[in-house]
Amino acid sequence: APFTVSDITELDREGAQAIQDEDNGLWFLKHALIDNNKGVTVHLGRKDCLAAWLAVQHEEQHNYVAQKEVPNVLVDSRGRKFTLRVYVLLILAAPNEAVEQDALPGTENICHSQRTAWA
């Protein structure tokens, strides 16, 4: 999951290592109540994203989250971003038991693809 900030004061702090590492990477400011990539703006760096968040009316700021770009995102053959959710049950034996370890794949796995190509 992408690094997500749900409180504007967290994005304003200079001390968080995860924020400082790639200050010039892309950040997304997302309206938490709007789906399908509507209500999303893209900003170069944490400071630009913070400035955009501060420009939102004060009463609306709690409806937003900021997310750091996920590098090397997966895309399908048509250039659409997709996510895989694979559920696996791991069976681990205690160190002194003679039971084999195993991994059982779930039967309810999910592949979700976006409607448009990733730009």
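Helices (H or I, at least four residues) and strands (E, at least two) are DSSP runs, numbered from the N terminus. With that in hand, the protein chain reads along the sequence as β-α-α-β-β-α-β-β-β-β-β, which amounts to three helices and eight strands. This is a predicted model, in which local features need pLDDT of at least 70, side-chain atom pairs count only at pLDDT 80 or more, and totals for chains, interfaces and linings use all residues. Residues are numbered from 1 along each chain as its sequence is written, and side-chain values use heavy atoms, with hydrogens and water left out.

**Stop 1: the whole chain**

Show the protein chain as a surface. Of the 119 residues, 21% count as buried. Buried means under 20% relative accessible area, exposed means over 50%, and partly exposed lies in between (1.4 Å probe, protein chains only).

Contact means heavy atoms within 4.5 Å. Among contacts between residues at least 6 apart in sequence, 54% join residues at least 24 apart.

**Stop 2**

Two strands pair if DSSP finds at least two bridges between them. Strands of a sheet pair through backbone hydrogen bonds, either parallel or antiparallel.

- E4 and E2 pair over five bridges; select Lys 30, which stands opposite Val 65 in E4.
- E2 and E3 also pair over five bridges; select Trp 27 and its bridge partner in E3, His 43.

**Stop 3: the helix across the sheet**

**Stop 4**

Select His 31, which is in strand E2. Is His 31 buried or exposed? His 31 counts as buried, because its relative accessibility is 11%. Its side chain reaches the backbone nitrogen of Leu 33 at 3.1 Å. Leaving out residues up to four places away in sequence, His 31 touches Gly 39, Glu 60, Asn 63 and Tyr 64.

Next select Asn 63, in the loop between H3 and E4. Asn 63 has a relative accessible area of 13%, so it is buried. Besides neighbours within four places in sequence, Asn 63 is in contact with Lys 30, His 31, Ala 32 and Leu 33.

**Stop 4: the salt bridge**

A salt bridge is a side-chain nitrogen of Lys or Arg within 4 Å of a carboxyl oxygen of Asp or Glu. How many does a search of the whole structure find? The search finds one. Select Asp 76 and Arg 80, which form a salt bridge with their closest N and O atoms 2.9 Å apart. Arg 80 counts as buried, at 19% relative accessibility.

Terms used. A polar contact is a pair of N or O atoms within 3.5 Å; within protein, one must be able to donate a hydrogen and the other to accept it, and residues adjacent in sequence count only if both atoms are side-chain atoms.
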